Amino acid sequence: MSPEMLRTELDRAEEAELQSEEQLRQLVHAHHSNFAKQLVSVERLLHSGDETGLVRAGQIADAQALSHQMKGTAGSMGFPVVGQAAAELDDILKGLKAEAVPVDATRMQAAREQLAKLQSIAAQTTPEMSTLYHSDLSK
């Protein structure tokens with residue numbers, strides 16, 4: 001292969017690598033913005049009791065599914081602190097979900113407090129803080 005052809009191949013490989021890195025950053029941004037949407041949904045589920053103030057088992061199950069999804073996504077997208085906080089919420093909600101009965105405000109307190117911690121952590125997190133954001137895909 002001639003030196004010119006080799007340079008052309010190297011330029012193409014470098015361009016493809018840069019495109020992959022940009023696609024990864026876009027993916028991190030998309031998942032980061034999705035955290036906020038998921039947190040709004042979890043908050044609505046955990047704070048929307050019926051007329052007696054009880055949170056239905058189905059609402060707890062839905063909130064737990066979202067927290068579980070956040071836990072996995074945060075870990076995969078390079079946000080370990082968000083993932084840990086989501087895992088703690090997931091564990092609390094799993095316990096409440098296992099009871100399969102409506103839950104009163106007193107028993108919901110731990111979940112709501114952990115949700116507030118998760119919201120605070122997520123609000124302080126930027127896409128650029130992801131361990132993947134500045135990844136060098138050439139290695």
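Visitor: Where is serine 130 found?
Guide: This is a predicted model, in which local features need pLDDT of at least 70, side-chain atom pairs count only at pLDDT 80 or more, and totals for chains, interfaces and linings use all residues. Residues are numbered from 1 along each chain as its sequence is written, and side-chain values use heavy atoms, with hydrogens and water left out. Helices here are DSSP runs of H or I with at least four residues, strands are runs of E with at least two, and both are numbered from the N terminus. On that numbering, serine 130 sits in the segment after H4.

Visitor: Is serine 130 buried or exposed?
Guide: Buried means under 20% relative accessible area, exposed means over 50%, and partly exposed is in between (1.4 Å probe, protein chains only). Serine 130 has a relative accessible area of 4%, so it counts as buried.

Visitor: Which residues does serine 130 touch?
Guide: Contact means heavy atoms within 4.5 Å. Serine 130 and serine 76 are 54 residues apart in sequence, yet their C-alpha atoms are 9.8 Å apart in space. Leaving out residues up to four places away in sequence, serine 130 touches Val28, Met77, Gly78 and Phe79.

Visitor: How many aromatic pairs turn up in the whole structure, and which residues form them?
Guide: Rings of Phe, Tyr and Trp (its six-membered ring) pair if their centres lie within 6.5 Å; planes under 30 degrees apart are stacked, over 60 edge-to-face, and the rest tilted. The search finds one aromatic pair. It is edge-to-face, at 5.6 Å centre to centre with 80 degrees between the planes, and its members are phenylalanine 35 and phenylalanine 79.

Visitor: Where in the chain do phenylalanine 35 and phenylalanine 79 lie, and how many residues apart are they?
Guide: Phenylalanine 35 is buried at a relative accessible area of 2%, and phenylalanine 79 is buried at 3%. The pair links distant parts of the chain: phenylalanine 35 is in helix H1 (residues 3-46), while phenylalanine 79 is in the loop between helix H2 (57-76) and helix H3 (80-99), and they are 44 residues apart.

Visitor: Zooming out, what pattern does the chain follow?
Guide: The chain has four helices and zero strands. Of its 139 residues, 32% count as buried. Read along the sequence, the pattern is α-α-α-α.

Visitor: Are H2 and H3 roughly parallel or roughly antiparallel?
Guide: Axes are lines fitted to C-alpha atoms, for helices over the stretch in contact, and angles run from 0 to 180 degrees between N-to-C directions. Angles under 35 degrees count as roughly parallel, over 145 as roughly antiparallel, 65 to 115 as roughly perpendicular and the rest as oblique. The axes of H2 and H3 come within 8 Å and cross at roughly 155 degrees. So H2 and H3 are roughly antiparallel.

Visitor: Is the crossing of H3 and H4 left-handed or right-handed?
Guide: H3 and helix H4 (residues 105-123) pack at about 160 degrees with their axes 9 Å apart, and are therefore roughly antiparallel. Residues making the contact include Leu89, Ile92 and Leu93 of H3 and Leu115, Leu118 and Ile121 of H4. A crossing is left-handed if the near helix is turned anticlockwise from the far one by less than a right angle, and right-handed if clockwise. The crossing of H3 and H4 is left-handed.

Visitor: Which residues is histidine 68 in contact with?
Guide: Histidine 68 is in helix H2 and counts as partly exposed at 37% relative accessibility. Its C-alpha atom is separated by 6.8 Å from that of alanine 87, 19 residues apart along the chain. Leaving aside neighbours within four places in sequence, histidine 68 is in contact with Asp90 and Lys94.

Visitor: What is phi of alanine 100 near?
Guide: Most residues other than glycine have a negative phi. Alanine 100 is in the loop between H3 and H4, and counts as exposed at 55% relative accessibility. Its phi is positive, in a residue other than glycine, and is near 55 degrees.
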